[in-house]
Amino acid sequence: MTAVAEPPDLDALFGALADPTRRAIVTRLTSGEATIKELAEPHDMTPQAISQHARVLEEAGLITRGRHRQTRPCRLEPDHLLAVTSWVEARRAEWEDRHDRLADHLAQLQEEQP
């Protein structure tokens with residue numbers, strides 16, 4: 001029997017992405033792995049503060065932290081970002097459908113007016 005993967009926790013994902021520093025970290029990691037020190041460079045924060053942000057991203061499943069000699073490079077996990085994208089796209093499709101139905105209804109009302 002094949003094990004079914006747990007769906008990502010959208011609350012944790014959106015919570016992790018709610019912070020601008022964490023979004024900046026995710027954006028930086030789209031171009032490749034980075035150490036905490038490298039992630040801290042563009043921010044006015046200590047590496048310890050960036051490490052705490054990275055921990056939140058890791059707990060949400062957005063990044064992983066590996067081991068390479070004495071460093072722990074962070075790596076983006078795009079599968080969980082795809083869950084966010086899928087959720088947003090589903091909501092967008094629902095709203096587009098509602099908008100189209102409203103436009104059709106308004107056009108019908110205009111045709112019925114003398």
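Author: We can start with leucine 39. Leaving out residues up to four places away in sequence, leucine 39 touches Ile25, Arg28, Leu29, Ala34, Ile50 and Cys74. Contact here means heavy atoms within 4.5 Å.

Reader: Before we go on, what sort of model is this, and how are residues numbered?

Author: It is a predicted model, in which local features need pLDDT of at least 70 and side-chain atom pairs count only at pLDDT 80 or more, while totals for chains, interfaces and linings use all residues. Residues are numbered from 1 along each chain as its sequence is written, and side-chain values use heavy atoms, with hydrogens and water left out.

Reader: Ok. Which residues touch the most other members of the largest nonpolar core?

Author: Leu29, Leu39, Leu57, Leu62, Ile63 and Cys74 do, out of 20 residues in that core. A nonpolar core is a set of buried Ala, Val, Leu, Ile, Met, Phe, Trp, Tyr and Cys residues joined through side-chain atoms within 4.5 Å. Buried means under 20% relative accessible area, exposed means over 50%, and partly exposed is in between, using a 1.4 Å probe and protein chains only.

Reader: Which elements give two or more residues to this core?

Author: Helix H1 (10–17), H2, helix H3 (36–40), H4, strand E2 (74–76) and helix H5 (78–112) do. Helices (H or I, at least four residues) and strands (E, at least two) are DSSP runs, numbered from the N terminus.

Reader: Why would such residues end up together?

Author: In soluble globular proteins, nonpolar side chains tend to be buried together.

Reader: Take the strand, then. Is leucine 76 buried or exposed?

Author: Leucine 76, in strand E2, counts as buried at 16% relative accessibility. Beyond its neighbours within four places in sequence, leucine 76 is in contact with Val26, Leu29, Thr30, Leu62, Ile63 and Leu81. Leucine 76 and alanine 34 are 42 residues apart in sequence, and their C-alpha atoms are 9.6 Å apart.

Reader: Now the helices. At what angle do H2 and H4 pack?

Author: Helix H2 (residues 20–29) and helix H4 (residues 47–59) pack at about 75 degrees, with their axes 10 Å apart. That makes H2 roughly perpendicular to H4. Axes are lines fitted to C-alpha atoms, for helices over the stretch in contact, and angles run from 0 to 180 degrees between N-to-C directions. Under 35 degrees counts as roughly parallel, over 145 as roughly antiparallel, 65 to 115 as roughly perpendicular, and the rest as oblique.

Reader: Which residues meet there?

Author: From H2, Thr21, Arg22, Ile25 and Val26 meet Ile50, His53, Val56 and Leu57 in H4. This contact of H2 with H4 has five nonpolar, two polar and one charged. Ala, Val, Leu, Ile, Met, Phe, Trp, Tyr, Cys and Pro count as nonpolar, Asp, Glu, Lys and Arg as charged, and the others, Gly among them, as polar.

Reader: And what about H1 and H5, how do their axes cross?

Author: Their axes come within 10 Å and cross at roughly 100 degrees, and H1 and H5 are therefore roughly perpendicular to each other. Leu10, Leu13, Phe14 and Leu17 of H1 make the contact with His80, Leu81, Ala83, Val84, Trp87 and Val88 of H5. By class, the contact of H1 with H5 has nine nonpolar, one polar and no charged residues.

Reader: Val84 is in that list. What does valine 84 touch?

Author: Not counting residues up to four places away in sequence, valine 84 touches Leu13, Phe14 and Leu17. Valine 84 is buried, with a relative accessible area of 10%. Its C-alpha atom is separated by 7.7 Å from that of phenylalanine 14, 70 residues apart along the chain.

Reader: Loops next. Where does histidine 43 lie?

Author: Histidine 43 lies in the loop between H3 and H4, and counts as partly exposed at 21% relative accessibility. Apart from neighbours within four places in sequence, histidine 43 is in contact with Thr21, Ala24 and Ile50.

Reader: Last topic, the whole chain. How many helices and strands?

Author: The chain has five helices and two strands, in the order α-α-α-α-β-β-α along the sequence. The radius of gyration of the chain is 21 Å, well over the 13 Å that the globule rule gives for 114 residues, so the chain is more spread out than a compact globule. That radius is taken over C-alpha atoms, and the globule rule is 2.2 Å times the number of residues to the power 0.38. The C-alpha trace spans about 80 × 50 × 20 Å along its principal axes.

Reader: How much of it is buried?

Author: Of the 114 residues of the chain, 25% count as buried.
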